[in-house]
Amino acid sequence: MTLKIGFVGLGMMGLPMLENLARGEENFEILAHDRDPARLERLAQHPAWNRTLRPAADLRALAGCDVVITMLPDSAVTNAVIEGEHGLAGVMRAGSVLLDMGSSNPAETLRLAPLLREAGVTLIDAPVSGAVAKAANGTLAIMIGADADGLERVRPVLARMGASLIHTGKVGSAHAMKALNNYVYAAGLLAASEALTIARRMDLDLDVFTEVLNASSGRNVATETKLRQFIVPGTYNGGFALALMAKDLRTADSLQALAGVSASQLSLCTALWQRALEAMPAGVDNTEIHRYLERLNACAPD
């Protein structure tokens, strides 16, 4: 049986994810949509183009899909696509699944789930981790908030885009875990960047310092995948925007109130990343948090 899939959002992550989805041997028919038609141009080179992969002029073209995937930057954009005029909530047929693979706010996911359920549409949150490189080779880690039946319905779809599928629990749980995961990553990158700034001021060998970190208890994903690759050489092109990291931290920070807990380090980390976002040029990479710290210290007295 052919599964009809809609895919909305062809940004840095969405486009390579869709390319992998369309490359599979499964019986998928895919309609791709983005509000910027120029993003569809790259798909014209895909082997499945105009066979099992076709463009969708608008959201209404997705009415007959069994599954619609959204890969959008935040809840504001996602909510507009779902609830706006001719949005997915009024377009999708009963019995279909809406798969939100963006890093949405879990509070919004919990709000939308019952609204969509009333229309007979199942909402599943399935945010990803792994950045552009893993989106390109189909090895993303995908967190999935769904009941057991919903998980099995979307497993063949998600398996084309990710190597690690982690069932996190009920709807909303995956978005919550993604936000908290990104906080832990951001805190590690911030700590590594501060340590690197101190090391540079002390004229320490930064390559050797990176080796020390990765062989010692300071090791984390930021020291392993960001220092030697993007920060020490000063390329700052790790593949994930500083603005998106700041947004994910604001989402994680909001979970304090939702959970009824106080997390002071999370608040401090969120505030610093927000200041960096406001001070740095638009569109810079998340690794530029190090350059922001360097600039702060360039203005500080020796």
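Hi everyone. Let me start with a term: buried area is the accessible area, taken with a 1.4 Å probe, that two parts lose on being put together, summed over both. Keep that in mind, as we'll need it in a moment. And please remember throughout that what you see above is a predicted model.

So, what are the two parts here?

Now to where they meet. How much area do domain 1 and domain 2 bury between them? About 1,000 Å², and 64% of that is on carbon and sulfur atoms. In terms of contacts, 13 residues of domain 1 meet 11 residues of domain 2.

What about polar links across this boundary? I count 4 residue pairs in polar contact between domain 1 and domain 2, with both residues at pLDDT 80 or more. For salt bridges between domain 1 and domain 2, the count is 0.

Last topic: cysteines. How many disulfides does the structure hold? The number is 0. Let me show you two cysteines. Are they buried or exposed? Cys 65 has a relative accessible area of 3%, so Cys 65 is buried, the cut-off being under 20%. Cys 269 comes out at 4% relative accessibility, and therefore Cys 269 counts as buried too.

Definitions and conventions: Residues are numbered from 1 along each chain as its sequence is written. This is a predicted model: local features need pLDDT of at least 70, side-chain atom pairs count only at pLDDT 80 or more; totals for chains, interfaces and linings use all residues. Side-chain values use heavy atoms; hydrogens and water are left out. Contact means heavy atoms within 4.5 Å. A salt bridge is a side-chain nitrogen of Lys or Arg within 4 Å of a carboxyl oxygen of Asp or Glu. A polar contact is a pair of N or O atoms within 3.5 Å; within protein, one must be able to donate a hydrogen and the other to accept it, and residues adjacent in sequence count only if both atoms are side-chain atoms. A disulfide is a pair of cysteine sulfur atoms within 2.5 Å. Buried means under 20% relative accessible area, exposed over 50%, partly exposed in between (1.4 Å probe, protein chains only).
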